[in-house]
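I opened my notebook to work through a protein structure piece by piece. Here is the structure I looked at.

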Amino acid sequence: MIQYETVIGLEVHVELKTRSKIFCHSTTAFGGEPNAHVCPGCLGLPGALPVINKSVVEYAIRAALALNFQIASFTKFDRKNYFYPDMAKNYQISQYDLPIAEHGYLNIELNGKTKKIGITRLHIEEDTGKQVHQGSITTTPFSLVDYNRSGVPLIEIVSEPDLRSPEEAYEYLNKLKAIILYTGVSDCKMEEGSLRCDANVSVRPAGSTKLGTKTEIKNMNSFKALQKALTYEIERQIEVLEEGGRIFQETRTWDEEKGITISMRSKEQAHDYRYMPDPDLVPLVIDREWVEEIRRSLPELPDDRKERYVREYGLPAYDAMVLTNTRELADYFEACVAAYPNPKTVSNWVMGDLSRLLNASGVDITNCSIKPRQLSELLQLIDKGTISGKIAKTVFEEMFASGKAAETIVKEKGLVQISDEGAITAIVEEVIANNQKSVDDYRAGKDKALGFLVGQVMKASKGKANPALVNKLLKERL
Amino acid sequence: MITEKDVDHVALLARLEITSKEREMYTNQLNDILEYFQSLQRLDTENVQPTAYVLPLKNVYREDQVGDHLPLEEALANCPDREENYFKVPKIV
C-alpha cells in the first residue's frame, strides 16, 4: 500500500471584542433579542454608509503583530458578492488583494519538537447574521434571520498548508487561540462562535511535492471536533484514492452526531464572488508610528513567557508550556511564586490539584476562591510541619470549596499533624500487635509489608501522624 | 470578447432572468463597452499610480462607540414576512 502524506491548512475567524460593530454604531453584545442590535447600517438599508471603527484596525494590527505578521502600509476594503440571506446587503465587506497583514507565523510544539507554521494572511471583514430553522433544517422551507451578529468585526487568519496531521492542526489552533487571548482582542469562545475554524484538507503520496485535490471542512465547533473531523476526512480521502476514485474539490460539513463529513455540493455554479473595491470605504494608509506604538503595548507572549519560566524558574519545559497557555493562569502562578518562592512546588499544585478542581467545577482561574497568597500560606504550613502533604490536599479542597484560609480549616477540623513521638508510638505499638502476619512478612524480608503497616498507622491517626516519624518508629520496633 | 455564454453566467450570478433577445443585445452592448476600454488601453499610464479609490481621501475612521438601535418594529417594518422577531425568508441551501 502507498504511504500518504496529509496536508492541512486552517482558516480561522476570530470576533474582535470592540464595543460597537465594524462599520456602524450597533452594539456587538452577544445574545439579545433577535434583531434588537441593528441599525440602518448593519441592515443594509439604502443610503446607510459604512465608516470603519478605528479600534477594529488597531485590534487587527495587535493580533497580527503577536503572530509575527508584516503590517501593510496601504490596505483597502472589498465587496464579496453573493446572494444569501445572512447578509442583508447581498455582499460582505472583506479584504481581497490588499489585506492588512501578510507573512506571519507561529511555533507549535509536538512530541518535544518545535515546528514553525506559516500564516499566509490576516484580513478584516464583517461577520454575517445568523439563520435559525424551525423543525428540521432539511424539511423546513424557511429560514429565520437574526442580524444581531451582522457587522460584528472579524479577523480571518489563513495558514499556509504547513500542517501534516490532525494533531498539528489541533496544536496550531490551540497556540493561535492562546496568542490571541494574550493580546486581549477577542475572548475566543468556540462555543459562542467568537472563534471559528474551517480546514482545507488533502492527501498525496508521501514524497510527492504536488498538492492533492483539497476539500474544505466546515462546522467544526470544538477542538475535539476539529481533530475528529480531520481524522475522518483523511481516512475518507485515502479510501477513495485506494479504490481508484478521485477527490472532488468541494465543501463538506462535519456532522458531529454521525461522526462523518458530508458533501455540501449545491446545484449552483462554482463560486464567483466578483470582488471589487468597496466605493463606500476609503483606503487606509497605516502609520508606522501607530504600528510601533501597538507593538510596544503588547504583553509578554506565550513563547517568551515560557522561555523565561524555564530560564528564571528552572521549570521543566512542559510545566512552563502548560502554565503560560493562558495569561490568567500565568499571572496566577507568578503571584503564587512571589509569595512562595519555590516555583516547582507551586507548579505542581497549580498544574495538579488546582487545575483538577477548576476543571471539575468549571470555575475560571480569575474567579478561583483560593487566592495566590492563600496557596502560599498552605504551602508554608506543610514546610513548618503543621500538616502533612496528604492532609494538605484535603485542606486544599476545603479551601477551594469555602474560600477559607488554610490555617482556619486546619484549626476548625483539628488537622494539625501529630509529631509527638509518644502519641505516635502508642499507635505504632497497637498496629504491630494487631497485624502479626504483616510484621512476620516484613521480618522475613518482604519490604512491601512496611507500606501496609504505615498505612494502618496513618489510618488510625486519621491521616494526621507525621509520616516520616511513623516510618522511623515502625522500623525501630520491627 | 464577451460571448453569450458569459452573459448567461453573469446573469445567473446576478439572479437575472433574460430572454434570448436580451442576451444578444447585452452581448453586443458589453462588447462595445469593452472596445471602448481598448482605446483607453492605448493611454500612456507609465507614471500613473494604480488606484483603488477615485477621491483623494484616506483614513476616515469612527470611534468605537455604541449608538441607538432601530426599534424592533422599525427594523422589521420592511420585511416581506416575519416570524416573531425574525426576518422570514425562503431557505437557501
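My entries below go from the sheet to the helices and then to the cores.

**Entry 1: the kind of model.** I noted before anything else that this is a predicted model.

**Entry 2: the sheet.** I looked up the strand order and found an open sheet of 9 strands in chain A, running β3-β7-β8-β11-β1-β12-β13-β14-β15. Its pairing is mixed. I reminded myself that strands of a sheet pair through backbone hydrogen bonds, either parallel or antiparallel. Which strands are at the edges? They are β3 (70-71) and β15 (260-263) of chain A, and each pairs on one side only.

**Entry 3: one strand pair.** I picked β1 (residues 4-15) and β12 (residues 195-205) of chain A, which pair in the antiparallel sense over 11 bridges. I then followed A:Glu5 across to β12(A), where its bridge partner is A:Arg204.

**Entry 4: a helix on the sheet.** Helix α2 (residues 166-183) of chain A packs on this sheet. I listed the strands of chain A that α2 touches: β1, β7 (101-110), β8 (113-126), β11 (153-159) and β12. The direction of α2(A) makes about 115° with that of β7(A).

**Entry 5: α1 meets α2.** Two packed helices are described by the angle between their axes and the distance between the axes. For α1(A) and α2(A) I wrote down an angle of about 130° and axes 9 Å apart. The two helices are therefore oblique to each other. α1(A) passes α2(A) in a right-handed crossing. On the α1(A) side I found A:Arg62, A:Ala63 and A:Ala66, which meet A:Ile179, A:Ile180, A:Tyr182 and A:Thr183 in α2(A).

**Entry 6: another helix pair.** The crossing of α12(A) past α14(A) is right-handed. A:Ile427, A:Val428 and A:Val431 of α12(A) make the contact with A:Leu453, A:Gln456, A:Val457 and A:Ala460 of α14(A).

**Entry 7: the cores.** How many residues are in the largest nonpolar core? I found 71, and those with the most contacts inside this core are A:Ala60, A:Ala63, A:Ala64 and A:Leu122. Helix α1 (residues 54-66) of chain A gives the most to this core, with 9 residues. I zoomed in on A:Ala64: its contacts, leaving out residues up to four places away in sequence, are A:Phe69, A:Ile71, A:Ile100, A:Ala101, A:Gly104 and A:Leu122.

Note on methods. Residues are numbered from 1 along each chain as its sequence is written. Chains are lettered from A and ligands numbered from 1 in the order in which they are written. This is a predicted model: local features need pLDDT of at least 70, side-chain atom pairs count only at pLDDT 80 or more; totals for chains, interfaces and linings use all residues. A nonpolar core is a set of buried Ala, Val, Leu, Ile, Met, Phe, Trp, Tyr and Cys residues joined through C-beta atoms within 7 Å. A residue is buried if 20 or more other C-beta atoms lie within 10 Å of its own, exposed if 12 or fewer, and partly exposed in between; C-beta atoms are placed from the backbone. Helices (H or I, at least four residues) and strands (E, at least two) are DSSP runs, numbered from the N terminus. Two residues are in contact if their C-beta atoms, placed from the backbone, lie within 7 Å. Two strands pair if DSSP finds at least two bridges between them. Axes are lines fitted to C-alpha atoms, for helices over the stretch in contact, and angles run from 0 to 180 degrees between N-to-C directions. Angles under 35 degrees count as roughly parallel, over 145 as roughly antiparallel, 65 to 115 as roughly perpendicular and the rest as oblique. A crossing is left-handed if the near helix is turned anticlockwise from the far one by less than a right angle, and right-handed if clockwise.
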